[in-house]
Amino acid sequence: MPAPALIRSSPLTRFALAPNPGPMSLNGTNSYVIAANGSGRVAVVDPGPLDEPHLALLASAGLVEVVLITHRHADHTEASRRFAELTGAPVRAMDPAFCVGGDPFIDGEELLAGGVDIRVVATPGHTSDSVCFHLPGDGPSGSVLTGDTILGRGTTVLDFPDGTLGQYFSSLERLSELGPATVLPGHGPVLSDLSSVVLTYRDHREERLEQIRAALAEAGADAGVSTVADLVYAEVPANVRGAAELSVAAQLHYLRTQDQLRIQEQG
């Protein structure tokens, strides 16, 4: 069996698929290496689970200048401290609790790592600390490493109450402004045309909201998460029922918050 190798995902990025497949992580976590052509220095995004062969492969890509974290979930961050020990590189995240020898991100800041311009875009919604990394020089339309804010397949779970649907809609709007960039997701395959993907995601969320409204009309305006999930997500497998209930909770919070705002405006 050939030794694992980094796979080219865009002109300025390569990735390694971590060995942590599952209902929520799809085929596994995509750990990315960012580097300009000919650069011996690299940035690594989301080292992933604590798996020594996976970390060794990432460390072999070049001199690691910095480790960038898209959000706090363990399938992206579990190996951060170990990888910092292996490479000596600082780990940076939006949440200070997940930084190792590095400063928290500032929304909109621009980094130069691996010879590549990297822009930090705060995109809360999946979690409160979610960020994306915009590489404007990566190909004709640039690329965006989206973590779990946008996936290569399926839809994103909102980790309510830490992540909310209102935040998520705002983040989708912000991503749409980046145009037809290549999407480099935290799970699943690379996608083309970020702006088109954002429209699909937004439409899906609006359809789900309509289903939630219909469920409330049937079960009563005060129906709880489990009751609504039984109506809207009746067909989901048991191993992702928890994720479905998180999404329902986020959607109910959004709808009820909007209703309260309308009442206040009318009053």
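Buried means under 20% relative accessible area, exposed over 50% and partly exposed in between, with a 1.4 Å probe and protein chains only. I start with Tyr32, which counts as buried at 2% relative accessibility.

Ground rules before I go on. This is a predicted model, where local features need pLDDT of at least 70 and side-chain atom pairs count only at pLDDT 80 or more, while totals for chains, interfaces and linings use all residues. Residues are numbered from 1 along each chain as its sequence is written, and side-chain values use heavy atoms, with hydrogens and water left out.

**Entry: rings.** I looked for aromatic pairs, meaning rings of Phe, Tyr and Trp (its six-membered ring) with centres within 6.5 Å; planes under 30 degrees apart are stacked, over 60 edge-to-face and the rest tilted. The count comes to 3. I picked Phe15 and Tyr32: their ring centres are 6.0 Å apart and their planes sit at 45°, so I note the pair as tilted. Phe15 belongs to strand S2 (residues 13-17) and Tyr32 to strand S3 (residues 30-34), so this pair links distant parts of the chain, 17 residues apart. (Helices, H or I with at least four residues, and strands, E with at least two, are DSSP runs numbered from the N terminus.) Phe15 is buried too, at a relative accessible area of 17%.

**Entry: strand S9.** How many of the residues of strand S9 (residues 131-135) are buried? I find 5 of the 5, so S9 is largely enclosed by the rest of the structure. Val131, Phe133 and Leu135 point one way, Cys132 and His134 the other.

**Entry: neighbours of S9.** Two strands pair if DSSP finds at least two bridges between them. Strand S8 (residues 116-122) runs antiparallel to S9, joined by 4 bridges; Arg119 has His134 as its bridge partner. S9 is also joined to strand S10 (residues 143-147), antiparallel again, by 3 bridges, and there Leu135 stands opposite Ser143.

**Entry: on to S11.** S10 pairs with strand S11 (residues 182-185) in the parallel sense over 4 bridges, with Val144 opposite Val183. Together with helix H4 (residues 165-176), S10 and S11 make a right-handed β-α-β unit. Right-handed here means that, with the strands pointing away from the viewer, the path from the first strand over the helix to the second runs clockwise.

**Entry: helix H6.** In H6 (residues 225-232) the buried residues are Val228, Ala229 and Val232. They cover an arc of only 100° around the axis, so I put them on the same side of H6; the arc is taken from the directions from the helix axis to the C-beta atoms.
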